[in-house]
Amino acid sequence: MKKMDSTTRLERLREAMGNGDIDKRDFLRLLGCAGITAGLSGGIMTSLATQARAAGTDLYFEGWGGVVSEALRKYAFDPYTKATGNKVIDSTFGGEKEVLTKIKAAGSTKGHNILHSSGVDWYMRWTKGGYGVKLDMSKIPNFDNVMESIVAPFKKITPGYLSAVPYDYGTTGIAYNTKHISKEEAEAQGANILLNPKYKGKIGGWGGDWANRAWFGALQSGQDPNNITDWNAVWAKVREMRGLVKKYWSSGAELMDLLASEEIWVTEAWSGRVAALQAQGHPIGYFDPKNGLAWMESMFVLKGSPMDESEQLLNFMLAPDTALAVAAGQKYPSSLDPTKVKMPESVTSLPAFDPTGKLASLVFRDPVKWNAVEKVQGRMWDRIKKGG
Amino acid sequence: MALEVAKFDKRPWVLLSPALVTITALVVIPMAFMLAYSFYLNVDLAVDKPAFQFGNWIEIATDKYYYVAIWKTFRLSMIVTLLAAILGYVPAYFIAMTRFRHKWMLLLLLIMPFWISFIIRTLSWIHILGHDGAINSLLLYLGVIRHPMDMMYNQYTVIVGFIHVFLPYMILNIYVSLDGIDRNLEPAARTLGATGWQAFREVTLPLSLPGLGAGCLLVFVLTAGSYVTPLILGGPNDFLFGNLIYDAIITELNWPMGAALSITLLVLLGVVVIVYSRLMGLRQLAKAFA
């Protein structure tokens, strides 16, 4: 019996609903059943699950939930468990700050092993904070297939060693409902479509990350996001957008739900989530505005984790069959080098996929510049979000 | 002096000691830690330096941003409390006065929602009021509307979410109070010439006030201390003081400020309890459960 908390159970239920796997009636019925089951049998099941996990090593994984978690579970974790007997206990977060808060509160990394870490900026924060490990790359031979271009920024932060393996990449562009907004109009307006008063009450935005908000504010105020000179102009644009926003979403599942239900018509969005919506048949268009935000994600191993098993899992995840199946499932291109590993059409057709393996056309966040201003500017966003 | 010592009865303290130890360990000591932490200095994200400085407190006292949050919190808590009191009294009265043989079933129905997670119950409103929700689907099916109505992510949905979750607390408190009233009092008032409404207004309602007051206090405090409901069901303008604490601790990783804000909320809600005590007397709380 696999341990699953109520939040995860609900996340999966909502995801199935969003995917169209179950209808509303079934959703509400299952919701009731889930609640009653949790109430009646939660304690017993937890106890049984604890006993069942006694064999093999438990690896605690935290990631982004929704289709991403589903793909990782289906194509990486479950086969890994079957092959090795080690269990991957996965849970979700809305952002890595949640994990850092928990670790800080507990005073240890116990119960936290591998993170689906986003961006080089978080890699820098984790390693500078002393939470990193030195991976033994000889135990991860599949790492040889990873693009050099995606590894380089990580090596720059920790010269001589790595605490994580880059695993996928994607973009945060603009998603729009094609029933209400044409492709021509969306692409002509670029990032400024999020400031169009015509769509007041139908605009969404990611509320969970100040830097994401500021990146779009920079684009809207005509600045280079990696070289912002006028922060007041950035926040003025963010304030302007706030007046038009219906909901700041806080997770990928919520983003998909808002777009699929047409609560919102336009928002910045994660490329893979939009691809998942498109695959489900929703009328959602997507484009990356000029200087749109690209990011790379890594599998970060936290200090105190069982190293042999963690490295074994990373190697398993980077095996071409696994990595490409996960990529197609989560809709984010793999970090594997397309010049070394043959990619199927299900991966090459993904948004942001770069067949050259150089990633030269994508603009990533400069961690040195962004991390340096986070304390002040992050706080500014929290205030502006609330009308301050 | 020796006589006074001999009179000292240790038994209440012995009996109270397990509760006192537990409260001290689980409430007093953590709160003391939080108070101490509020004077620390947040140097960088998740990096705090032990210090004794009043920066966080001065900011809370002088920044209008926090006053707006306090105002919004108290205003919304008041609305939720009033609506819960009005909506809760009728079912509580019905359950208390019914001669239905299986009254326990009604009480069971009342506590059944507690078996389901608070977050799941809150999220369920998205599937009721949302564009694809039950209400819009029904109205579209019946041809009453041509396009889904925008009902989500506003103050209204936040209030609905709160009432849904906290109404059972109100009903249970009022019910306990009503159930303890002598059943002969209302008929007695009627025999003395009072109308049904007068008998209720002059006899039942005043006697049920301890329960109503306890329910109001509970719902007010629970609402004012919440942050999840506005996060899930609210729009950009819907937030409570608890959301500022969430921001400080989770998104800004500024624990000293989070601690100062938490203590502030505790003090503010403490003031509410003191005001309640002045108006109703805390002993009425005990009566509510008598």
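How are helix 4 of chain B and helix 9 of chain B oriented to each other? In this predicted model, local features need pLDDT of at least 70 and side-chain atom pairs count only at pLDDT 80 or more, while totals for chains, interfaces and linings use all residues. Residues are numbered from 1 along each chain as its sequence is written, and chains are lettered from A in the order in which they are written.

Helix 4 (residues 64-97) and helix 9 (residues 155-179) of chain B pack at an angle of about 45°, with their axes 7 Å apart. The two helices of chain B are therefore oblique to each other, given that angles under 35 degrees count as roughly parallel, over 145 as roughly antiparallel, 65 to 115 as roughly perpendicular and the rest as oblique. Axes are lines fitted to C-alpha atoms over the stretch in contact, with angles from 0 to 180 degrees between N-to-C directions; helices are DSSP runs (H or I, at least four residues) numbered from the N terminus. The contact of helix 4 with helix 9 of chain B comprises 22 nonpolar residues, one polar and one charged. Here Ala, Val, Leu, Ile, Met, Phe, Trp, Tyr, Cys and Pro count as nonpolar, Asp, Glu, Lys and Arg as charged, and the others, Gly among them, as polar.

Between the chains, 28 residues of chain B meet 35 residues of chain A, contact requiring C-beta atoms, placed from the backbone, within 7 Å. On the side of chain B that touches chain A, helix 13 of chain B gives the most, with four residues. That side of chain B has 15 nonpolar, eight polar and five charged residues.

Conventions: Contact = placed C-beta atoms within 7 Å.
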